[in-house]
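Please look over the model before reading on.

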Amino acid sequence: MNNTHDPPLKTRQRLLVTASRIFAEKGYQEATVAEICEQAETNIASVNYHFRDKENLYLEAWRYAFQQDLERHPSDGGINPDTSAEARLAGRIRSLIARIADPDAHFFAIVHREMAQQTRLLEKIMAQEINPERQALNALVKELIGPTATEQQIQFCHASIVGQCFHLLKVRHLRLSHETQRYVLEMNDAEAYAEHVIRFSLVGIKAVREVNQQNMGAE
């Protein structure tokens, strides 16, 4: 929340801040322009002026949320590019889990809503924004496995790493009864979970590398 000394946000930014939060909470279908405008303290005409319609507001709110999340949690984890591949992978995993766990981050919450009720509006923009991160992670996996890495191994390792991270996203958005909650893994300590994912992933990649080396030795 802004303190009393902060200048008021301009209309376009107020709409983006409010829309990213409401789309994260309700998804595209349930969110209304009227509600967004009311909470942003503006009118529907301003949405038409700045974004043309609800679809474009959704796209720009998602992009805004993505950029804001990366400002707080850079995708490389702030790790020097000259450090080891293990350290760089750890940085990316910490960043990904931090963005998922951050209560003020809306990017992954919008993605979760989109996966539950697909609009297909985000397909193009997600590919544009997320693909560089996917490629960077794949490059690290390839570096860690070594020259024997196959494309399938890289893709499988990528899926294993991201899948562990996205498990936290699923747990955070589960709505469970009090009785059922005790059967779900406690995930409040995101930093500890990130360290587990790092260790688990590095051991798994090492195992893939060793199998490849053994297979080469047997040829």
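At what angle do helix α4 and helix α6 pack, and how far apart are their axes? This is a predicted model. In it, α4 (residues 54–72) and α6 (residues 107–116) pack at an angle of about 135°, and their axes are 8 Å apart. Angles of 65 to 115 degrees count as roughly perpendicular and those over 145 as roughly antiparallel. The pair α4 and α6 is therefore oblique.

A second pair involves α1 and α3. Helix α3 covers residues 44–51, and helix α1 covers residues 11–30. Their packing angle is about 100°, with the axes 10 Å apart. That makes α1 and α3 roughly perpendicular to each other.

| Helix pair | Packing angle | Axis separation |
|---|---|---|
| α4 and α6 | about 135° | 8 Å |
| α1 and α3 | about 100° | 10 Å |

**Residues at the contacts**

From α4, Tyr58, Trp62, Ala65, Phe66 and Asp69 meet Phe107, Phe108, Ile110, Val111 and Glu114 of α6. By class, this contact of α4 with α6 has 8 nonpolar and 2 charged residues, with no polar ones.

In the other pair, Thr11, Arg12, Leu15 and Leu16 of α1 meet Ser46, Val47, His50 and Phe51 of α3. The contact of α1 with α3 divides into 4 nonpolar, 3 polar and 1 charged residue.

**The nonpolar core**

In soluble globular proteins, nonpolar side chains tend to be buried together. Here the largest nonpolar core has 55 residues. Those touching the most other members are Phe23, Leu89, Ile93, Ile97, Ile110 and Ile205. Helix α5 (residues 85–101) gives the most to this core, with 8 residues.

What does Ile93 contact, leaving aside its neighbours within four places in sequence? Its partners are Ile161, Cys165, Ala194, Val197, Ile198 and Ser201. Ile110 belongs to the core and also takes part in the contact of α6 with α4.

Is Thr18 buried or exposed? Thr18 lies in α1. Its relative accessibility is 8%, so Thr18 counts as buried. A polar atom of the Thr18 side chain lies 2.8 Å from the backbone oxygen of Arg14. Not counting residues up to four places away in sequence, Thr18 touches Ile36, Gln39 and Ala40.

Asn131 sits in helix α7 (residues 123–145). At 26% relative accessibility, Asn131 counts as partly exposed. The Asn131 side chain makes a polar contact with the side chain of Arg134, at 2.6 Å.

How values were computed: Residues are numbered from 1 along each chain as its sequence is written. This is a predicted model: local features need pLDDT of at least 70, side-chain atom pairs count only at pLDDT 80 or more; totals for chains, interfaces and linings use all residues. Side-chain values use heavy atoms; hydrogens and water are left out. Helices (H or I, at least four residues) and strands (E, at least two) are DSSP runs, numbered from the N terminus. Buried means under 20% relative accessible area, exposed over 50%, partly exposed in between (1.4 Å probe, protein chains only). A polar contact is a pair of N or O atoms within 3.5 Å; within protein, one must be able to donate a hydrogen and the other to accept it, and residues adjacent in sequence count only if both atoms are side-chain atoms. Contact means heavy atoms within 4.5 Å. A nonpolar core is a set of buried Ala, Val, Leu, Ile, Met, Phe, Trp, Tyr and Cys residues joined through side-chain atoms within 4.5 Å. Axes are lines fitted to C-alpha atoms, for helices over the stretch in contact, and angles run from 0 to 180 degrees between N-to-C directions. Angles under 35 degrees count as roughly parallel, over 145 as roughly antiparallel, 65 to 115 as roughly perpendicular and the rest as oblique. Ala, Val, Leu, Ile, Met, Phe, Trp, Tyr, Cys and Pro count as nonpolar, Asp, Glu, Lys and Arg as charged, and the others, Gly among them, as polar.
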